[in-house]
Amino acid sequence: MSEPAAPEPAPVLSTEGLSVFAGSREILRRVSLAVPEKKITAVIGPSGCGKTTLIRAMNRMVELSPELRIEGTVRYRGRDIYAPEVSPVVVRRRIGMVFQRPTVFPQSIYENVAFGLRLDREEEDAVERTVVTSLRRAGLYEEVKEDLDRPALSLSGGQQQRLCIARALAVNPSVLLLDEATASLDPIATQKIEEMLRELKGEVSIVLVTHNIAQAARTSDVTAYLHQGRLIEMGATSELFEAPREKLTEAYITGRFG
Amino acid sequence: MTTSPTDGSTIPPASEASSEPVPPPARRPPTGRKRAGAVLTAPLSWLPLLFLAAIVAVLLYASDFHNFGLSFWGPNWFPDPLDPASASYGVLVFAVGTVLTSALAVFLAGVLSIGLAISLVMFLPGPLARVLALFVDLLAGIPSVVYGIWGYVVLAPYFANDLEPALQSHLGFLPGLGGSSVEIAGGTGLLLAVLVLTLMVVPLTTALVRDSLRSVPRALEESGLALGATRWEVVRRVHLRYARRGIFSAVLLGLGRALGETVAVFMVIGNQVRFPPTLYSGTSTIATLLVGQFDSAFIYPDLLRALVEIALVLFLITLAVNVIGRRFLTDGGLGRIALEAGPEKAAS
């Protein structure tokens with residue numbers, strides 16, 4: 001494993017020479033990086049740089065777009081998640097995902113969080129305990145505890161997004177992938193989610209795709225900078241923002257393009 | 001045709017009105033032309049309402065509520081032109097026949113088309129699904145009478161000789177499936193009518209169910225998958241839940257279609273005036289009664305009035321079903337969330 005930038009010895013998730021093609025166009029070009037355990041890893045870069053594709057490759061969501069072709073390896077705790085004997089269902093249970101816009105199901109708050117648990121046909125009191133814990137972990141419980149049977153769609157956008165995070169946490173993943181999860185939210189809702197993520201990182205490894213450079217600087221421990229499908233630079237967030245090694249990185253974080 | 005501008009509430013003018021000098025709309029500046037288009041089409045848009053009103057008016061006028069009294073809602077059908085006093089025109093047998101055939105057919109069609117739509121939308125590869133969907137749509141274009149003749153020529157002998165005797169001997173203990181072998185007769189009857197109706201309703205309900213499954217946002221589907229659900233679990237827990245109003249509406253609109261279906265049912269239902277003791281028995285629906293009796297009705301005024309009144313009953317049933325079905329179709333209580341899908345982004 002050639003890992004130039006990763007400071008952690010045993011990454012929870014790593015990619016080796018990961019390329020994704022749409023026809024002949026290469027969306028990701030031989031990206032090798034390591035996601036450290038129980039840290040927040042930010043993936044930044046201008047739009048169209050392949051950030052979203054990168055994290056969608058990390059839990060096999062890319063497979064849902066039949067026009068995309070994948071090369072290279074993605075390892076979760078050393079195991080190739082694309083190996084033929086590995087089921088995408090199992091991968092996605094270990095590696096959860098939250099999307100750019102809140103995607104609550106048209107059901108109650110409670111049933112949204114219980115969705116993944118119902119798949120396992122768990123006992124109702126176990127489900128209830130997990131629902132409450134997950135809502136707490138996502139920092140939403142205090143706001144909704146009076147009525148968990150309310151329709152989830154009656155929540156505000158920021159609350160809906162935290163509900164989606166609670167729903168993802170309920171199945172107890174090791175890694176949580178967030179695809180621009182605050183892009184559609186106002187600053188206050190964004191701040192709440194950032195605070196919650198900092199609290200969560202002791203328990204879950206987080207990969208945060210964002211086009212918000214300040215958010216990456218505020219929130220993350222490690223930052224990866226992607227440009228036109230290539231990993232330009234990856235390192236401790238403080239170092240990358242204070243002393244970027246690459247000119248492209250410097251140009252991007254100082255706002256010369258983006 | 002050129003019409004005079006009207007206030008829109010009246011109907012396309014008679015010949016007198018159109019002979020009046022009308023400023024030629026085409027030579028006006030653009031705004032004028034737009035207005036001319038509106039003036040020309042506005043009366044047309046009122047036509048459906050007019051037709052509806054006219055039909056209801058004729059039905060109300062030609063029927064006779066006073067003469068038949070309560071016996072109209074009863075089970076006895078004895079049209080006796082020579083002795084009007086003892087004649088009885090009860091709608092009940094036919095109403096039951098209509099509701100029974102339609103309800104059974106729509107239940108079967110609902111189950112079939114939900115399964116069909118799920119496999120077309122969710123599981124089959126795109127090109128294959130498109131070809132198969134085309135065939136489903138083509139089924140909708142087959143004329144009713146063709147279904148009827150196919151049912152009579154192909155299915156009825158098979159029903160009489162194989163299917164129905166087998167059902168009777170193996171499942172005869174179930175209500176409606178036992179009874180005397182006399183009931184099977186030529187294979188025509190309730191069961192065959194239900195089957196033919198089912199095949200006629202399936203294209204419509206499948207298309208509607210397909211549309212409501214397609215309306216489920218891709219982002220919701222992906223969210224389910226990202227939680228570790230299998231595709232089938234996502235279909236069950238996300239799609240069917242999200243699309244349930246649309247599916248309900250599809251079934252109701254299918255019911256509206258089944259209730260009024262006439263010719264095909266007439267050809268295969270056996271046309272006996274009685275409550276069907278078994279699923280194999282011949283019976284009648286409102287629609288088949290009307291089409292079967294209408295020629296003689298012009299000789300017997302009482303019969304004509306009774307048939308018109310029975311037609312009114314059918315009209316009200318189908319109207320109610322369609323109104324309710326459409327309400328659920330358009331009142332997208334759950335469909336109002338604007339969600340953007342992720343996959344387009346993924347390719348960026």
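In the predicted model, helix α4 (residues 92–123) of chain B and helix α7 (residues 190–214) of chain B have axes that come within 6 Å and cross at roughly 40°. Axes are lines fitted to C-alpha atoms, for helices over the stretch in contact, with angles running from 0 to 180 degrees between N-to-C directions. The pair α4(B) and α7(B) is therefore oblique (angles under 35 degrees count as roughly parallel, over 145 as roughly antiparallel, 65 to 115 as roughly perpendicular and the rest as oblique). The contact of α4(B) with α7(B) comprises 21 nonpolar, seven polar and two charged residues (Ala, Val, Leu, Ile, Met, Phe, Trp, Tyr, Cys and Pro count as nonpolar, Asp, Glu, Lys and Arg as charged, and the others, Gly among them, as polar).

Chain B has 14 helices and two strands; helices (H or I, at least four residues) and strands (E, at least two) are DSSP runs, numbered from the N terminus. Of the 348 residues in chain B, 35% are buried, that is, with 20 or more other C-beta atoms within 10 Å of their own, the C-beta atoms being placed from the backbone.

Between the chains, 25 residues of chain B are in contact with 31 residues of chain A, where contact requires C-beta atoms, placed from the backbone, to lie within 7 Å. On the side of chain B that touches chain A, α8(B) gives the most, with six residues. This side of chain B has 14 nonpolar, five polar and six charged residues.

Residues are numbered from 1 along each chain as its sequence is written, and chains are lettered from A in the order in which they are written. Local features need pLDDT of at least 70 and side-chain atom pairs count only at pLDDT 80 or more, whereas totals for chains, interfaces and linings use all residues.

Notes. Contact = placed C-beta atoms within 7 Å. Buried ≥ 20, exposed ≤ 12 C-beta atoms within 10 Å, placed from the backbone.
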